[in-house]
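Look at the fold below.

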Amino acid sequence: MRFNEKELVFLSRQPPERAAELGMRGPKKGDVVKRRLVKLIVNFLFYFRTDEDEPIGALLLEQCRVEREDDQVFSIVFLDEAERKYLFECDSQEQCVEWIDAVVKASYEFMRKNLIYYRTEIHRLTGKDPLEQYGISDETRFQVNSGLPPPPT
């Protein structure tokens, strides 16, 4: 996926869903934990040096797995690069749980699964497709794939 650097910088300046200074270790061998300002904006996790306004990097939170490593540590691993793990150290167990929940819910795929789940429930209860009024009910992206579990609550 290609990104325009100016658009990413603009996006990084929007109000975040979550923001905090966290310890962060990159995926390269020899990387050490460094304090970074981390901002979750839509489905991007931007990270900044704590004294700078422009991000030094961004993670697109799609096709990734978020796991709790310790009471105060979580990781992000991308499915196509399983050997590359990003670690984030939080200040408390509560903060770690909140970040994990927010990162998991930030992906397009999570939102898509929720939309499909609630569309199905509304249709079951009312007999009407709530997407029909928008003319998008037949679009492939809104179709249920067999075997999809319901979204977490």
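**Sheet, helix and cysteines**

Strand 1 (residues 18-25) pairs with strand 7 (residues 81-89) over 3 bridges, in the antiparallel sense. Two strands pair if DSSP finds at least two bridges between them. Gly23 has its bridge partner in strand 7, namely Glu89.

This is a predicted model, in which local features need pLDDT of at least 70, side-chain atom pairs count only at pLDDT 80 or more, and totals for chains, interfaces and linings use all residues. Residues are numbered from 1 along each chain as its sequence is written, and side-chain values use heavy atoms, with hydrogens and water left out.

Now widen the view. An open sheet is formed by 7 strands, with antiparallel pairing, in the order 4-3-2-1-7-6-5. Strand 4 (57-60) and strand 5 (64-70) are the edge strands, and each pairs on one side only. On average, neighbouring strands are turned by 35° against each other, direction ignored. Helix 1 (residues 5-12) packs on this sheet and touches strand 2 (34-41) and strand 3 (44-49). The direction of helix 1 makes about 85° with that of strand 3. Helices (H or I, at least four residues) and strands (E, at least two) are DSSP runs, numbered from the N terminus. Contact means heavy atoms within 4.5 Å. Axes are lines fitted to C-alpha atoms, for helices over the stretch in contact; angles run from 0 to 180 degrees between N-to-C directions.

How many disulfides does the whole structure hold? The search finds 0. A disulfide needs two cysteine sulfur atoms within 2.5 Å. The sulfur of Cys96 is 4.3 Å from that of Cys90, its closest cysteine sulfur, so it is too far for a bond.
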